[in-house]
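User: I am new to this structure and would like to understand the words used for it. Could you walk me through them?

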Amino acid sequence: MSNQGARTHEHLWKELQQACSVSAHYPAQQLQTLLRAHKMSMLAPLSSLPPNPEDRQCVRKGEVVLHGHRRQLNEEFKRQCLLLSDELSLNELTCVELLREGYHQQTRYDL
């Protein structure tokens, strides 16, 4: 997911949380407008940039820049990113972001 796509989804999530909170007086018309504006991104959340040879090479080298920070990738993570990219026809850097977030969120749900 591109940075812009992530920001869009974060914005939408915050607005929906506000609309659903018990104390909120959130006009139905405003919620309907918000949902219409984000309809396509909700229907196709993984529609993102296509695979890119330059991004693939960065992942293969194990050194990528995400959100302005240089990240080192281990062999297993690189393999998983490239496999995910191939299976879903997603950009390799998008796959790096998805897997990083998945690993980060996993700690919340491990038993």
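**Contacts, burial and a core**

Analyst: Happy to! Residues 24 or more positions apart make up 51% of the protein's contacts with a separation of 6 or more. Please keep in mind that this is a predicted model.

User: What is the order of the elements from the N terminus on?

Analyst: The elements run α-α-α-α-β-β-α-α, which comes to 6 helices and 2 strands.

User: Why is L90 called buried?

Analyst: L90 has a relative accessibility of 2%, and buried means under 20%. The value of 2% falls under that cut-off, so L90 counts as buried. L90 sits in the loop between α5 (75-88) and α6 (92-109). Across the protein, 27% of the 111 residues count as buried.

User: Which residue is 6.4 Å from L90, C-alpha to C-alpha?

Analyst: That is L49, which is 41 residues from L90 in sequence.

User: What makes a set of residues a nonpolar core, and which residues make up the largest one here?

Analyst: Such a set consists of buried residues of types such as Val, Leu, Phe and Cys, joined through side-chain atoms within 4.5 Å. The largest nonpolar core has 12 residues: V59, V64, L66, L73, F77, C81, L82, L90, L93, C95, V96 and L99. Two or more residues each come from β1 (63-66), α5 and α6, and α6 gives the most, with 4 residues.

User: Which residues does L93 touch, leaving out those up to four places away in sequence?

Analyst: L93 touches D55, V59, V64 and L66.

Definitions and conventions
Residues are numbered from 1 along each chain as its sequence is written. This is a predicted model: local features need pLDDT of at least 70, side-chain atom pairs count only at pLDDT 80 or more; totals for chains, interfaces and linings use all residues. Side-chain values use heavy atoms; hydrogens and water are left out. Buried means under 20% relative accessible area, exposed over 50%, partly exposed in between (1.4 Å probe, protein chains only). Contact means heavy atoms within 4.5 Å.
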